[in-house]
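Please consult the sequence and the model alongside the text.

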Amino acid sequence: MNKEFEPKILGILCNWCSYMASDLAGTSRSQYPPNIRVVRVMCSGRIEPQLILWAFQQGADGVLVGGCNPGDCHYQEGNYKALRRVTLLKTMLPQFGIEPERLRLEWICASCAEEMRKTVEEFTNTLCRLGPLKVQIPQIIPVTGKAVVEYVQT
Amino acid sequence: MTERLNRHDARRQADFDLNFGKEVAEAPGGENLYECIQCGACSGACPMSAYMDHTPREIIGMIRSGMKEDVLRSETVWLCASCYSCTVICPRQIKITDLMYSLRQRALKDNTYPKRIPLPVMARDFYKMVHRHGRTNEGRLMTNVYLHTNPFDLIRQTPLALKLWRHGRMHLRQESVEKPSELRDLMQSVK
Amino acid sequence: MLLRDEFSKNGDIRIGVYVCDCGTNIAGKVRVPEVVEYAGTLPHVVVAKEYKYMCSDPGQDMIRREIKEQKLNRLLVAACSPHVHEETFRNVAAQAGLNPFLFQMVNIRELVSWVTKDPDKATAKAKDMIRAAANRVLFHEELEPLKYHIKRNVVIVGGGIAGIHAALLLADSGEHVYLVERESSIGGHMAMFDKTFPTLDCAACILTPKMTMVKSHPNITIMSYSEVVEVNGFVGDFKVKVRKKPRYVDEENCVGCFECIDACVFKDARYPNEFDFGLGKRKPIYMPFPQAVPPVPVIDADTCIEFKTGKCPKECLKACGERAGIDFAQKEEIVELEVGSIIVATGFDSFDPKKMPQYGYGIYSNVYTSLEAERLFNASGPTAGELVLRDGSKPKSVGIIHCVGSRDENHNRWCSRVCCMYSMKLAHLVKERTNADVFNFYIDIRAAGKGYEEFYNRTMEEGVQYIRGKVAEVTDNAQTKDEEGKLVIRVEDTLLGMIRRIPVDMVILSVGLEPQHDALEVTKMFNISCSGGGWFMERHPKLAPVSTMSGGVFLAGACQAPKDIPDTVAQAGAAASEALALSHKGVIEVEPNTAFIDETLCSGCQVCVGLCPYSAISYDQEKKISILNQALCQGCGVCAGACPSGAAQQHLFNDSQLMAEIEGALAGVL
Amino acid sequence: MDYLYYPGCSIKESGIAYEESLTAIMDVLNTPLQELEDWNCCGATTCISVESDEAIALASRNLALAEKQSNSKGTVDLVTPCNACYLTLMRATHYLSERQDIAGKVLPALDKQGLHCDNRVRIRHPLDVLVNDVGVKAISDHVRRKLTGLKVACYYGCQMVRPYATFDDPHRPTSMDQVMKALGAQTIDWSLKTKCCGAALGSLLPDIVEQLCHDILREAEKRGAEVVVTGCPLCHFNLESNQSAIRKRHPDFKTIPVAYFSQIMGLGFDLPPKKLGIQRLFIPLPASLTAGAGKGGEYVTA
Amino acid sequence: MSKPKVAFYWCASCGGCEEAVVDLADAILGVVDAVDIVFWPVAMDFKREDVEALKDGELAAGFVNGAIRTSEQEEMAHLMRRKSQALIAFGSCSHTGGIPGLANLYTREDILKRVYIENPSIVNPNHILPQEKSVETEGTLRLPAFKDDVRTLDQTVEVDYYLPGCPPPVNLIVNAVTALVEGKLPPKGSVLAPDVALCSECERNATKPEKLSMKDVKRPHEIIIDGENCLLAQGVICLGPATRSGCGAACLNANMPCTGCMGATSGALDYGAKALSAMASLLDSNDAEEIKSMTAKIVDPAGTFYRYSLPASFLHRRVGRPG
């Protein structure tokens with residue numbers, strides 16, 4: 001285990017449950033590793049692989065997707081959509097040499113501050129064990145005079 | 001107990017060691033120690049509690065308060081029969097039986113175990129026998145224990161021993177594993 | 001898409017960053033001046049300021065002033081959770097003439113200063129989060145809040161004391177209320193009780209008048225023997241489907257004479273009455289209790305001979321005669337209601353003590369639950385208020401065991417809050433009716449209410465024995481003569497530090513409260529969530545205790561957490577006034593975080609159509625693309641997440657905003 | 001299914017009749033037990049009173065041996081008839097999966113000796129196997145001598161059902177009752193099925209243990225049991241050997257035979273009493289139960 | 001006035017793109033009329049030196065197909081860039097990496113080992129691998145360097161236009177050449193194909209059920225595909241919803257699912273991620289185990305969703321971690 005290594009975690013959290021749980025972790029002053037950066041979405045059903053892979057490309061060593069417990073989704077079934085996407089994405093990550101443990105889907109209810117704390121702590125430990133993830137990509141050479149990223153429209 | 005305290009003396013905080021509770025909580029069985037609500041369900045369920053100097057609930061309270069001496073010299077931890085009634089009934093899921101084991105270990109290590117009851121001696125004799133042979137022999141074990149505690153008991157138990165012998169329920173041969181030294185190495189390497 | 005450089009070229013984005021100290025809440029961990037200095041170096045940031053309390057008047061004034069002076073067109077406040085002050089600062093922006101959705105809140109309190117030990121790391125994390133937001137706001141656009149008209153009807157789910165009280169309040173203020181109750185009578189648990197603590201009012205005397213008022217109120221429609229099966233729509237405009245179960249007695253035609261019950265071919269009541277937990281008996285056609293509302297009998301198809309064999313002489317039908325109240329052909333019916341708000345008052349279940357076999361419930365006949373005991377004490381209960389055991393004898397000693405199923409990690413971890421008090425009440429009633437010896441076994445006495453401690457003292461004076469200790473077991477194993485034929489309670493008397501065995505004739509288990517067995521389905525139906533243990537979750541534990549995360553859905557009573565009657569009634573009143581405030585406002589504004597579909601990009605693949613939980617997306621046969629109805633969209637973003645071509649997007653959470661935010665969040669060196 | 005068999009030290013001595021009868025009935029039921037080679041003492045509740053890591057290592061060695069000896073690549077069933085061994089081995093599996101600190105020491109130490117513990121061993125009590133694998137139906141199919149009318153008190157003791165076991169209820173277990181009923185016997189309904197007999201304190205604190213045993217035996221007697229049936233060598237020893245002392249203190253107490261459930265099953269299967277170690281009991285079973293057994297003699301209730 | 005000069009070059013690709021030019025059939029005559037082809041290794045005998053001899057920017061357009069894997073391809077890409085006014089990435093491989101791009105799931109070392117040592121049809125007892133330079137008695141032999149990864153054309157040089165497809169559909173090529181000749185090209189950076197996904201031109205789109213979902217995942221060989229109905233509704237992964245149109249749904253007309261050669265529309269930044277998200281969202285189950293067993297049926301997710309676009313994806317290649 002690399003003691004020096006401070007993993008970066010991106011948490012994409014559902015507004016109604018896991019984000020509330022992090023809020024509650026704050027109000028209850030539970031202390032957890034500062035390695036997580038949080039992006040709030042209204043529902044885990046908004047979270048898509050493109051955001052997750054983007055996070056890995058941008059330097060995240062792990063991505064935590066937080067949604068409501070099955071059956072508790074504020075938008076009825078958004079969390080199940082997240083479950084489907086994450087499940088399929090996890091089968092693909094190893095092909096890219098990325099350990100599936102680096103992507104974590106957790107159901108953390110709004111009152112589960114302790115679970116939130118534990119999750120971040122555990123995840124940080126897991127990532128310390130796995131070591132850093134270094135995605136290296138070639139720059140796209142932009143057409144002179146116009147900012148272009150990726151494919152550009154007609 | 002070292003000396004009987006005067007009932008009218010207040011217990012002074014200086015005699016208490018708050019770190020003791022933390023240490024016990026670290027060891028196996030101590031997991032939920034600080035969640036105890038002193039409800040007494042453990043003591044109520046315990047078949048031995050009526051014979052103990054402190055009930056299991058009191059022991060937990062004493063650990064948390066830091067009454068190290070009193071706890072480690074208490075007979076309670078040795079009277080536990082390992083029936084686990086307390087563990088399954090505890091509303092805070094404290095593993096009280098396992099807690100008793102870790103207190104026994106501590107008492108043996110610190111040499112503060114109560115000398116009046118034979119149980120600590122038996123624990124050591126049993127441990128030594130397993131250490132030496134890898135298996136135990138009931139007859140020999142009890143002989144050792146009685147010799148180390150009260151040899152008169154040996155005489156008192158003779159009729160029972162004879163009865164067991166007559167019914168083919170006692171062997172004198174010390175059974176052992178194939179290579180006791182390997183077993184000793186195993187135990188040595190986790191120390 | 002992500003044309004970041006376009007902004008840098010334009011140079012017309014002007015961001016103001018305001019970092020709050022929150023006293024020492026933030027500044028105690030995060031080095032705010034350093035963060036402010038850093039924020040000032042971020043692209044497009046033209047001003048970065050620190051202030052002690054950004055949400056205070058001077059703080060707000062400063063922001064308003066600077067938005068104008070510095071011509072800010074993006075606003076960023078780094079302070080507490082958006083759940084606390086997002087609304088505040090959106091208003092500040094709006095007051096200064098800035099579209100409120102060009103604002104972004106950065107949570108550096110709950111997510112940073114309160115959860116991080118190390119000041120260096122807290123400071124670094126705060127910087128990262130501000131950078132993420134500064135990245136994100138580049139892609140914000142002006143939006144208008146969505147406005148909806150609110151319907152004035154209210155549906156109340158659950159006809160216990162909470163539902164009854166809320167219904168009367170709303171109805172008196174002129175709103176029309178549908179009171180849906182799944183049992184055949186309203187009244188709930190309170191109707192089972194004999195007396196109520198601590199004043200010992202007779203429950204029936206205070207409840208039944210209210211039940212009658214509900215019955216006769218022109219603004220209340222009682223839908224008993226009915227259940228909500230589906231809820232659609234949103235705040236102001238819910239469509240609620242209710243299933244009316246057939247009771248085989250026509251509510252319109254029935255005059256409440258009960259001649260049908262007398263006439264039933266079963267001369268004696270022989271089936272266990274569920275309302276009495278089987279301690280009393282009923283006929284196949286029955287009233288659960290005499291004061292039931294509506295006062296209309298119900299036929300239990302499982303026990304009625306006509307339903308079982310079709311060969312009953314149907315004496316009930318004959319007795320009813322021209323009144324034509326009996327209707328064997330009645331069918332289940334689905335009724336759809338349109339309402340503006342919903343009050344969920346579904347109450348609680350009691351813990352099943354069979355899960356704790358050490359207490360002998362279901363094994364020894366003289367072990368009762370507290371609710372069974374309530375029925376025994378009730379004057380209109382199975383024993384007409386006499387406390388007698390199953391063999392007809394009066395107990396000479398009674399043990400009341402508190403916290404059964406409560407405060408126990410193996411079962412329910414919470415304190416059920418009412419058991420201490422009702423156990424004292426039962427102890428008092430035992431004393432009053434039988435003068436038996438009463439032992440109450442408790443872990444802690446929780447008597448924190450008006451007059452509660454006094455009631456505790458009163459029962460002690462009456463001679464009730466209080467033994468502090470959680471009972472280990474109730475057994476019929478007698479070890480001495482005086483224990484023969486008795487139930488023996490084994491317990492550590494923790495105050496005396498000794499193990500005791502106490503023989504009694506009757507054991508009452510003070511069972512805890514737990515969420516209704518089908519609470520989970522209820523949360524799904526009403527789109528609300530559960531907090532720990534399955535109790536329905538309020539929007540905020542202190543500041544919005546009866547609201548839920550779903551707009552227009554309110555909570556009343558024990559469905560939210562265990563409560564006694566005074567608290568339940570108070571909360572029902574609060575829920576009613578929330579519903580009333582909503583309907584009086586007439587119009588509601590909601591955050592425009594709805595989805596939209598870029599028509600030029602959409603191929604009409606219809607992946608999104610089936611995924612939308614609100615059926616807000618449909619396929620347009622003419623245009624051959626998918627169309628989104630903003631009015632139905634609730635803003636989950638599932639469509640945006642699934643859309644394979646990026647045509648479906650979500651306002652405030654579009655791809656560019658989220659990716660820019662992620663990029664900013666991760667750009668720091670940890 | 002293959003079952004490895006961990007006898008434990010007591011079974012080889014005072015509890016020898018348990019082994020004899022268990023082997024006999026398992027053979028009848030076509031569920032032979034294969035003894036674990038080179039097993040060592042589980043450490044009982046005593047070693048862990050001295051040193052916990054060593055105690056877990058000691059018990060875990062048996063688990064590793066079982067994994068080695070078994071043909072199965074998946075779960076290995078290790079049957080142990082002694083309640084204390086059952087608990088101790090089960091505790092080792094729990095500690096290894098729950099306490100990382102202990103597993104971190106024990107597993108490498110085992111590795112050094114070429115032994116591996118992959119958490120594949122499932123500790124089974126014979127009653128668990130009989131009720132859940134063999135099945136009550138199969139047992140009653142093998143009954144050759146129906147014990148109709150025999151009143152037995154099933155005594156389970158503590159460690160068979162607490163705290164780790166999941167095959168039966170920790171307060172009101174029924175597996176032994178089911179087995180006895182399958183033989184045609186009648187079981188008494190009592191609340192002391194899992195009350196502690198004093199366990200290992202037996203020989204050292206005779207006064208206390210006598211009293212505990214007296215409570216149990218007297219209740220069984222009072223409820224009309226003709227024999228107390230156990231599934232643990234230590235329970236058997238305590239309940240049986242203390243009776244003479246109890247009688248001295250409580251003259252109204254008679255005696256009541258104490259047998260292993262496997263012995264009673266053997267009698268129901270009409271096996272010769274000798275093969276079941278019946279002669280090793282201090283207090284003889286009712287003559288009606290043993291007379292004619294093994295020779296096709298019908299059981300006639302007294 | 002002389003005709004505009006154009007050149008074609010072939011990097012890491014299968015040759016199908018060259019075929020596509022030939023497939024212009026009659027239309028090619030028009031092309032030859034309109035332009036002067038000065039370099040086309042597959043069809044005409046011009047050499048690299050001939051291109052080097054041109055003035056910079058002398059080519060009106062350079063068409064490069066194939067991905068960039070070797071040093072030679074990289075050099076040629078730079079050469080074509082220098083000589084062309086408009087450099088056009090022609091076909092999936094140069095656009096987004098194409099099939100050769102799937103090699104990015106393996107390291108360079110793994111590939112060489114597999115091809116030259118482990119391959120059962122290879123006899124190479126001394127485990128000799130290709131060398132950039134090898135000295136033989138006849139002299140020193142040189143081979144282009146096999147680079148560490150596969151890159152798209154625009155990860156190598158600036159690209160002005162993209163003609164997507166594997167190979168690009170004939171009508172798109174004609175449109176592009178016509179626009180070039182007429183000087184009516186769109187802004188630089190454009191993809192010369194419609195910016196809307198394939199469902200828009202797929203006849204089966206009309207057959208979709210009201211709520212589209214996949215009850216199970218089937219590979220095309222596992223079922224008899226119904227020729228009329230939407231493949232997704234039949235449980236077959238069809239990437240039409242995520243893929244740019246312009247091909248006339250050619251594969252669908254041959255009763256096979258779209259595998260995504262045309263790449264993403266402008267609304268998606270990572271083709272595979274978007275496609276994966278859509279397919280996963282359609283799986284008709286809320287049960288974790290069931291979802292697992294359904295996703296397990298997609299045996300090669302990276303190959304399924306990034307068949308033509310791995311090098312252009314966010315992750316670009318298998319992640320190599322330090323240490």
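## Basis of the model

This is a predicted model, in which local features need pLDDT of at least 70 and side-chain atom pairs count only at pLDDT 80 or more, while totals for chains, interfaces and linings use all residues. Residues are numbered from 1 along each chain as its sequence is written, chains are lettered from A and ligands numbered from 1 in the order in which they are written, and side-chain values use heavy atoms, with hydrogens and water left out.

## Domains of chain B

Chain B comprises domain 1 (2-110) and domain 2 (119-181); such bounds come from an automatic or database domain assignment. Taken over C-alpha atoms, the centres of these two domains of chain B are 30 Å apart.

## Chain B and its neighbours

Contact here denotes heavy atoms within 4.5 Å. Six pairs of chains are in contact, and among these chains B and D share the most contacts. Chain B does not touch chain A, the nearest C-alpha atoms of the two being 15 Å apart. Chain B likewise has no contact with chain E, and their closest C-alpha atoms are separated by 30 Å.

## Interface of chains B and D

Chain B contributes 60 residues to this contact and chain D contributes 61 residues. About 5,400 Å² is buried between them, with 63% from carbon and sulfur atoms; buried area is the accessible area (1.4 Å probe) that two parts lose on being put together, summed over both. On the chain B side, R169(B), L186(B) and V190(B) lose the most area to chain D, together 14% of what that side buries.

Three salt bridges are counted between chain B and chain D, a salt bridge being a side-chain nitrogen of Lys or Arg within 4 Å of a carboxyl oxygen of Asp or Glu. R99(D) and E31(B) form a salt bridge with an N to O distance of 2.8 Å. Several helices of chain B, including α7 (96-110), α9 (138-148) and α12 (180-189), each supply at least two residues of the side that touches chain D. The largest share of that side, eight residues, belongs to α8(B). Helices (H or I, at least four residues) are DSSP runs, numbered from the N terminus.

## Interface of chains B and C

Here 20 residues of chain B meet 16 residues of chain C. The two chains bury about 1,500 Å² between them, 47% of it on carbon and sulfur atoms.

Two salt bridges cross the interface of chain B and chain C. R92(B) pairs with E409(C) in a salt bridge, with the closest N and O atoms 3.8 Å apart. On the side of chain B that touches chain C, α2 (41-45), α3 (56-65) and α6 (85-89) each provide at least two residues. Of the helices, α2(B) gives the most to that side, with four residues.

## Helix α12 of chain D

How many residues of helix α12 (residues 261-268) of chain D are buried? Eight of the eight are buried, so the helix is largely enclosed by the rest of the structure. Buried means under 20% relative accessible area (1.4 Å probe, protein chains only). Among the buried residues of α12(D) are F261(D), I264(D), M265(D) and L267(D). Just after α12(D), D270(D) adopts a positive phi of about 65°.

Technical notes: Buried < 20%, exposed > 50% of the residue type's maximum accessible area, 1.4 Å probe, protein only.
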